[in-house]
Each structure stands twice: as C-alpha cells, then as structure tokens.
Amino acid sequence: VLGLPGCPCVEASFLSSTYWSNLGMLQVPTPKGLLVYNHTETFGSYCAAWDARLPGLCASLGECQQSYCYVDPSNCSTASYPTSYFPQLGLQYSYLTCGDSESQEDFVKQIRTQLTGQTFRFAYPASSRPWHYEQYGGWTGSVASFFQQLSTTAGFQTVQKTVSQASLSLFASPWDACVHDVQMQLIDFCISVVMETDTRRQMATFTSPILAGNMKLMVKKEVADNRWDPALGYESVWFSFLKPFSPMLWLLVASLVSTAGVFFYWVEEEDGSCSCSCLHPRRALRGLSAICEGLQYGTLAFFAGGDLGGAKVDDTKTRAGSAIRVGFAVFTMVMVATYTANLAQLLVVNAQQTTGITSVKDCDPPSAICQKVCVLQIQLSLVGAQH
C-alpha cells in the first residue's frame with residue numbers, strides 16, 4: 001500500500017546520508033540504541049510495520065505492528081509527525097495514510113498526556129486576517145481560535161508573548177523573527193500560518209500543514225534572440241517568408257510552375273514536331289531556349305496572378321494551351337490564398353509569443369503560450385465559474 005491519494009508515501013534518500021554504513025546497511029538510531037535495518041526495501045517507503053523489521057526494538061511482535069510510511073507534509077492531507085529516527089533528514093511519517101487509525105488515536109492520547117498540565121509560551125508574528133488579528137482587546141481569527149480550542153482540549157496553559165526586538169532587528173519579516181524566537185527558546189510556539197522555507201526549517205520544526213497552497217508563478221520565458229543567425233537555415237528570419245509552406249511543398253510548387261510554363265510554351269509557340277535532327281546542336285540549343293522561355297512564362301505568370309496567356313482570352317492559340325492556362329490560374333489562386341492564410345496565422349502566433357501572457361483569458365481556451373492555470377483549491381469553484 002502506497003498511502004492515500006491525498007497523502008502518498010515517499011521514498012527517503014538514505015544512500016547519501018550519514019545513516020548509511022560502509023557495509024551497505026541502514027543504521028537506525030532508536031531509543032534502544034543504534035539498530036541495523038538490513039532489507040532490500042527502502043525503510044518507510046510504503047505502508048508496513050517497519051519497527052518490526054528492526055531487531056531488538058520491541059519486546060514482543062505485538063508492540064511493533066503499527067503501520068506507517070514516510071510522507072511529504074506539503075502533499076499530505078492527513079496528520080503527519082516528525083520522525084525521531086532520522087532527525088537530520090527532516091522526515092515525517094503518517095499512520096492515517098496507511099489506514100491505521102488505532103495507532104493514530106494511541107499516539108494522540110500519548111501526546112495529550114504529555115501536554116496536560118504544561119504551560120507553553122507563544123507569540124503571533126503580526127496581525128494577519130483572517131488567521132489571527134486583534135479585536136476588542138484580544139486576539140481572534142481562525143488560527144487563534146483553533147489554538148485556544150487545542151489548549152482547552154489538551155489541558156495545557158498558555159502565556160502570550162510578543163516577538164522580541166532582537167529577532168525583529170535581524171529579519172525584515174516578523175514571521176522569520178517569530179520562528180527565530182522559537183530557535184532562541186524565547187517562546188515555545190509561533191502561532192500563525194507560516195510558509196515553510198529553507199531558512200525557517202533550519203531554525204525550528206513545523207507541525208503538520210493545515211493548509212496546502214499550491215500557488216504557481218507564471219513568468220515569460222526568456223529566449224535568446226538568435227533568429228537573425230543565417231546558420232539556422234529555414235528557421236532564420238532571412239527565410240521567414242518561406243515558412244508558410246514546408247520545403248517539400250515549395251519544391252513541389254516550383255516543379256509545377258516550371259512544368260506548366262514549359263508545356264504552355266511548347267504547345268503555343270512550337271509546332272511540337274521533332275525528328276532525328278533534334279540531335280543537331282542547333283536543335284538542341286533551340287530546345288534549351290524553349291525550356292528557358294517556358295520557365296520564364298511560368299514564373300512571371302505565377303507571381304502576376306496565374307495568367308499564362310496574357311490579358312485577352314483569345315491570345316491562346318491551341319485548346320491544350322487554354323486548358324493549361326485555366327488550370328494554372330486555378331492552381332495559382334489556391335496557392336496564393338493558402339500562403340496568405342498561413343502567413344497571417346504565423347504572424348498572430350509570433351505576436352502572442354512576443355507579448356506573453358497578459359491575462360487568464362490567454363489560457364481560456366488553452367493556447368500555445370498557456371496550457372494550464374494553477375489556483376488555490378478554495379478558489380477553484382470561483383475561477384471555474386468565471387472561465
């Protein structure tokens with residue numbers, strides 16, 4: 001079992017830690033000394049009674065049947081607790097994600113017994129609605145009310161303090177200063193909705209998260225402008241006018257234009273007759289000249305709108321020439337229209353990529369510059385209703 005979907009088990013990295021011995025075994029520091037875990041499965045990587053695999057930890061097998069696994073507290077919707085086995089790795093484990101509610105209740109009772117009758121010092125870093133704020137001479141808010149209810153249920157007393165001036169002088173953020181007071185043992189708890197950062201983790205430990213905010217910051221991707229480099233070939237700006245068509249399509253268009261021009265010239269200007277005297281040098285030069293004339297016919301006609309024969313319909317001398325002329329005009333019209341449409345689309349896409357994301361409307365519907373929008377879970381219904 002790999003845990004609940006909202007709190008999956010994770011695999012810890014023991015190989016690079018100080019807990020991994022030179023003999024290729026995991027050394028687990030426990031209340032009964034340093035015990036050796038010698039199994040192929042990574043310790044705590046899935047739901048199992050891992051304590052039962054540590055020889056000498058429990059007096060009987062019945063004491064080691066609690067099923068748990070290590071979890072990522074930022075990706076866990078159930079209760080999790082810091083492990084005492086590997087304090088340097090900052091791991092947290094969970095009973096509930098493995099379905100062991102009985103062990104969870106026993107653990108809660110154990111904690112409640114330890115808290116009952118104790119007195120703890122705490123501080124709020126600053127006023128922060130709706131979590132904790134001053135009103136009518138006292139503190140209220142969702143977090144403040146939760147902590148008050150917790151102290152009443154667990155039976156411990158609290159003494160409210162203020163964040164020390166010494167810590168406030170060291171940090172620009174009162175939240176950093178409040179966590180620093182915990183490190184300096186000036187207070188026992190810093191009560192707030194505190195984001196876990198590397199700096200704060202080094203100063204104090206955190207409880208299980210009560211809110212997971214999967215916020216994402218979307219920024220424009222910086223791309224080096226090397227479009228003018230001729231070495232890019234077809235992707236260079238120098239050849240950007242060719243982008244509406246692929247290289248193979250351009251080759252096909254050039255072949256059709258040349259063929260149409262040559263055939264039109266031959267049926268209109270030449271008698272089409274040929275004999276063995278065609279092998280004469282003069283006849284060969286004349287044939288080459290006809291091909292050149294035909295290529296000129298086709299190229300000029302393509303860029304002039306597709307008319308091979310000229311302005312008048314009766315300029316065409318043969319039926320074959322008329323057929324080639326009409327077909328070439330239709331072909332040119334289709335190709336020019338397709339080229340224009342593809343060019344317009346490329347210009348629009350390039351303009352969007354240059355501008356970047358301007359609002360959520362750029363992602364509704366998903367586009368080339370924005371495929372996904374990440375929002376807070378509590379705002380999901382609101383954003384979904386608007387977009």
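**Ground rules.** I am working with a predicted model, where local features need pLDDT of at least 70 and side-chain atom pairs count only at pLDDT 80 or more, while totals for chains, interfaces and linings use all residues. Residues are numbered from 1 along each chain as its sequence is written, and side-chain values use heavy atoms, with hydrogens and water left out.

**Cores.** I looked up nonpolar cores first, meaning sets of buried Ala, Val, Leu, Ile, Met, Phe, Trp, Tyr and Cys residues joined through side-chain atoms within 4.5 Å. For burial I use relative accessible area: buried is under 20%, exposed is over 50%, and partly exposed is in between (1.4 Å probe, protein chains only). The largest core has 20 residues, and Phe-14, Leu-26, Phe-43, Leu-54, Tyr-70, Tyr-85 and Phe-86 have the most contacts inside it. Strand S3 (26–30) and strand S4 (33–37) each give this core at least two residues. Helices (H or I, at least four residues) and strands (E, at least two) are DSSP runs, numbered from the N terminus. A second, separate core has nine residues, including Phe-122, Tyr-124, Phe-147 and Ile-191. As background, nonpolar side chains tend to be buried together in soluble globular proteins.

**Leu-26.** Which residues does Leu-26 touch? Contact here means heavy atoms within 4.5 Å. Not counting residues up to four places away in sequence, I get Phe-14, Tyr-19, Trp-20, Leu-35, Val-36, Tyr-37, Phe-43 and Phe-86.

**Thr-97.** Thr-97 is in the loop between strand S7 (92–94) and helix H1 (101–115). Is Thr-97 buried or exposed? It is buried, with a relative accessible area of 2%. Leaving aside neighbours within four places in sequence, its contacts include Cys-7, Cys-47 and Cys-69.

**Glu-102.** Glu-102 lies in helix H1 and counts as exposed because its relative accessibility is 57%. Its C-alpha is separated by 8.7 Å from that of Gln-66, 36 residues apart along the chain.

**Backbone.** I found a cis peptide bond from Arg-129 to Pro-130, with omega near 0°. Pro-130 sits in the loop between strand S8 (119–123) and strand S9 (133–135).

Tyr-136 is not a glycine, yet its phi is positive, near 55°. Tyr-136 lies in the loop between S9 and strand S10 (138–140) and is exposed at 81% relative accessible area.

Gln-185 also has a positive phi, about 65°, although it is not a glycine. I placed Gln-185 in the loop between helix H4 (174–183) and strand S12 (189–190), and it is exposed at 60%.
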